[in-house]
Amino acid sequence: MGSRCGEGNLLTDAEILEGLRQAVLDYDHEAGTRLVRQGLDQGIPPLRLIDEGLSRGIAVIGAKFQAMEIFLPELMMAAKVFLEAMKILEPVILASGQGKQKRGVAVIGTVKGDVHSIGKDLFGTLLKVAGFEVHNLGVNVHPGKFIEKVEETGAQIVGLSALMTTTMPSMREVIEFFEARGLREKHTIMIGGGPVTEAYCRKITADAYGETAQDGVDLAIKFVGQMRAAGRG
Ligand code: B12
């Protein structure tokens, strides 16, 4: 690759990804958005900027917070770097799914007691790219709200996110709400988020666990296909 005259700030892909990780650690949202734009300009795929840049930084922030090396204000500043970057990345990711045939309807939200939104929103964006109509209920969502939205929209997929061990039981509560209304068999309930595991999925009798947002989308596509084949979709 030749050098471009007059563009002092040429960075390699690896430098951009490392710069993004560092921007989160430095709580520098301006550097974050600049590097995201630069990365997109030079053709780095948006999900790579997230997975190999921003997410690596936020994982270190989580560990530092747990070790009490940093506190809530720093956690919030680091999250801001991620959130500002996502404002640029989300439309770019969505554009890659334009014109897709409608595949199904999904209702997603972060469960009661939990305000973490980044991973859940990424899941929603990737579902849209795959052709799903997505109803994102936001964070701290009461179980009854999931039922209400599912009945209103006819969604086949329900996606629950929890980022804290203390809010994971709220996922079970949502399933109990569906069971109590006799709606459980009609919907595929998927779960995800940092502390959630396959074993927890089995324990609370959810239908599927997605380790990453993209895994979740692949599973949602599979389930909608199966539900259609069984005449339930
Ligand atoms: C950013 C962050 C925040 C931000 C959130 C901003 C926002 N708008 O989301 C703010 C500052 C608000 C915050 C607040 C708090 N936080 Co916080 N936070 C984090 C941090 C550092 C990163 C989370 C994140 O966004 N990761 C990046 C995304 C992309 O990853 P992800 O969410 O895991 O999502 C991926 C997958 O899991 C998956 N996915 C996610 N959801 C779903 C759903 C489905 C259906 C599927 C298929 C897939 C899927 O897709 C994503 C990409 O592939 C984590 C540390 C960590 N390691 O997770 C702590 C962490 C989750 N927070 C923690 C804590 C303690 C708190 C607070 C209680 C702090 C306080 N003292 O007030 C509050 C919580 C308040 C509340 N009631 O919810 C703890 C939780 C500990 C526990 N009990 O389990 C953690 C683990 C930090 C730690 N190590 O101690 N936090």
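These notebook entries concern the sheet and the ligand site of a predicted model.

**Conventions.** I number residues from 1 along each chain as its sequence is written, and I use heavy atoms for side-chain values, leaving out hydrogens and water. For this predicted model, local features need pLDDT of at least 70 and side-chain atom pairs count only at pLDDT 80 or more, while totals for chains, interfaces and linings use all residues.

**Sheet.** I looked up the strand order and found an open sheet of five strands, β2-β1-β3-β4-β5, with parallel pairing. Helices (H or I, at least four residues) and strands (E, at least two) are DSSP runs, numbered from the N terminus; two strands pair if DSSP finds at least two bridges between them. The edge strands, each pairing on one side only, are β2 (132–136) and β5 (208–209). I then examined β1 (residues 104–110), which five bridges join to β2 in parallel. Within this pairing, Val107 stands opposite His135 of β2.

**Ligand site.** I listed 35 residues around the ligand (near: a heavy atom within 4 Å). The closest are Val115, His116, Ser117, Ser161 and Thr165. At least two residues of this shell come from each of α3 (46–66), α4 (72–95), α5 (118–129), β3, β4 and α9.

**Polar atoms of the ligand.** I recorded a ligand nitrogen atom 2.7 Å from a side-chain N or O atom of Ser161. For Gly62, a polar backbone atom is 3.0 Å from a nitrogen atom of the ligand. An oxygen atom of the ligand lies 2.9 Å from a backbone N or O atom of Ala213.

Methods
A polar contact is a pair of N or O atoms within 3.5 Å; within protein, one must be able to donate a hydrogen and the other to accept it, and residues adjacent in sequence count only if both atoms are side-chain atoms.
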